[in-house]
Amino acid sequence: MSNTRFATAIHIMTLLAKCQEEWLTSDWIAGSININPVIVRKELGILRDANLVVSKQGKVGGSQIASDPSKIKISDIYKAVKNSEVLGKKNQNPNPICPIGKDINENLKNLFIETDQIVINFLGNKNLKEFSDQF
């Protein structure tokens with residue numbers, strides 16, 4: 001993943017894990033991450049869709065973690081926000097006449113799938129509580 005979505009999501013989830021009894025606002029979370037609250041709201045929506053976060057609207061609204069942090073695997077967070085392959089993108093238009101170019105993307109696809117599974121397996125051995133206990 002060549003962007004900050006995972007870092008933003010893990011930051012949000014760590015804050016929610018550390019403040020489980022509170023409803024944290026997107027403005028408050030954004031202040032911790034030092035980003036625009038709109039980005040936080042977008043990521044909270046994705047985390048909510050993945051059943052990792054619950055939210056309520058209104059004056060006393062905000063977001064909370066949806067379950068015990070020890071039951072949330074880091075891989076769950078990763079999979080919720082993943083939007084690209086770990087190794088990047090494949091070449092868009094390799095030369096179909098070239099003996100390498102004609103098959104490169106199919107072979108890269110397999111390599112990307114295997115690499116992504118290694119990352120998911122590694123992160124699946126870690127939970128949010130363990131991560132948040134570092135702070």
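**Contacts and accessibility**

Student: Leaving aside neighbours within four places in sequence, which residues is Val54 in contact with?
Tutor: Contact means that heavy atoms lie within 4.5 Å of each other. Once the neighbours within four places in sequence are left aside, Val54 is in contact with Trp23, Gly62, Ser63, Gln64, Ile65 and Ala66.

Student: What kind of model is this?
Tutor: Residues are numbered from 1 along each chain as its sequence is written, and side-chain values use heavy atoms, with hydrogens and water left out. Local features need pLDDT of at least 70, side-chain atom pairs count only at pLDDT 80 or more, and totals for chains, interfaces and linings use all residues, the model being predicted.

Student: Does Val54 count as exposed or partly exposed, and in which element is it found?
Tutor: Buried means under 20% relative accessible area, exposed means over 50%, and partly exposed lies in between (1.4 Å probe, protein chains only). At 36% relative accessibility, Val54 therefore counts as partly exposed. Helices (H or I, at least four residues) and strands (E, at least two) are DSSP runs numbered from the N terminus. Val54 is found in strand 1.

Student: How far apart in space are Val54 and Ile65?
Tutor: In sequence these two residues are 11 residues apart. From C-alpha to C-alpha, the separation of Val54 and Ile65 in space is 6.2 Å.

Student: Is Ser63 buried or exposed?
Tutor: Ser63 has its place in strand 2 (residues 62-65). Its relative accessibility is 4%, so Ser63 counts as buried.

Student: With which side chain does the side chain of Ser63 make a polar contact?
Tutor: A polar contact is a pair of N or O atoms within 3.5 Å; within protein, one must be able to donate a hydrogen and the other to accept it, and residues adjacent in sequence count only if both atoms are side-chain atoms. Beyond its neighbours within four places in sequence, Ser63 is in contact with several residues, including Leu16, Trp23 and Leu44. At 2.8 Å, the polar contact of the Ser63 side chain is with the side chain of Ser55.

Student: Which residue's side chain is joined by a polar contact to that of Arg5?
Tutor: Arg5 has its place in helix 1 and, at 15% relative accessibility, counts as buried. Not counting residues up to four places away in sequence, Arg5 touches Glu43, Ile46, Val81 and Asn83. The polar contact, 3.0 Å in length, joins the side chain of Arg5 to that of Glu43.

**Helices and rings**

Student: At roughly what angle do the axes of helix 1 and helix 2 cross?
Tutor: Axes are lines fitted to C-alpha atoms, for helices over the stretch in contact, and angles run from 0 to 180 degrees between N-to-C directions. The axes of helix 1 (residues 5-18) and helix 2 (residues 26-33) come within 10 Å, and their crossing angle is roughly 120 degrees.

Student: How many nonpolar residues has the contact of helix 1 with helix 2?
Tutor: Helix 1 contributes Thr8, His11, Ile12, Leu15 and Leu16, while helix 2 contributes Trp28, Ile29, Ser32 and Ile33. Ala, Val, Leu, Ile, Met, Phe, Trp, Tyr, Cys and Pro count as nonpolar, Asp, Glu, Lys and Arg as charged, and the others, Gly among them, as polar. By class, the contact has no charged residues, three polar residues and, as the number of nonpolar residues, six.

Student: Which kind of aromatic pair do Phe6 and Tyr78 form?
Tutor: Rings of Phe, Tyr and Trp (its six-membered ring) pair if their centres lie within 6.5 Å; planes under 30 degrees apart count as stacked, over 60 as edge-to-face and the rest as tilted. For Phe6 and Tyr78 the distance is 5.9 Å centre to centre and the angle between the planes is 75 degrees, making the pair edge-to-face.

Student: How many residues apart in sequence are the parts that this pair ties together?
Tutor: Phe6 is partly exposed at 23% relative accessible area, whereas Tyr78 is buried at 4%. Phe6 lies in helix 1 and Tyr78 in helix 4 (residues 74-81), so the separation in sequence of the parts tied together is 72 residues.

**Loops**

Student: What value is phi of Asn34 near?
Tutor: Most residues other than glycine have a negative phi. Asn34 is found in the loop between helix 2 and helix 3 (37-49). Its phi is positive although the residue is not glycine, being near 65 degrees.

Student: What value is phi of Asn51 near?
Tutor: Asn51 lies in the loop between helix 3 and strand 1 (53-56) and, at 61% relative accessibility, counts as exposed. Its phi is likewise positive in a residue other than glycine, near 60 degrees.
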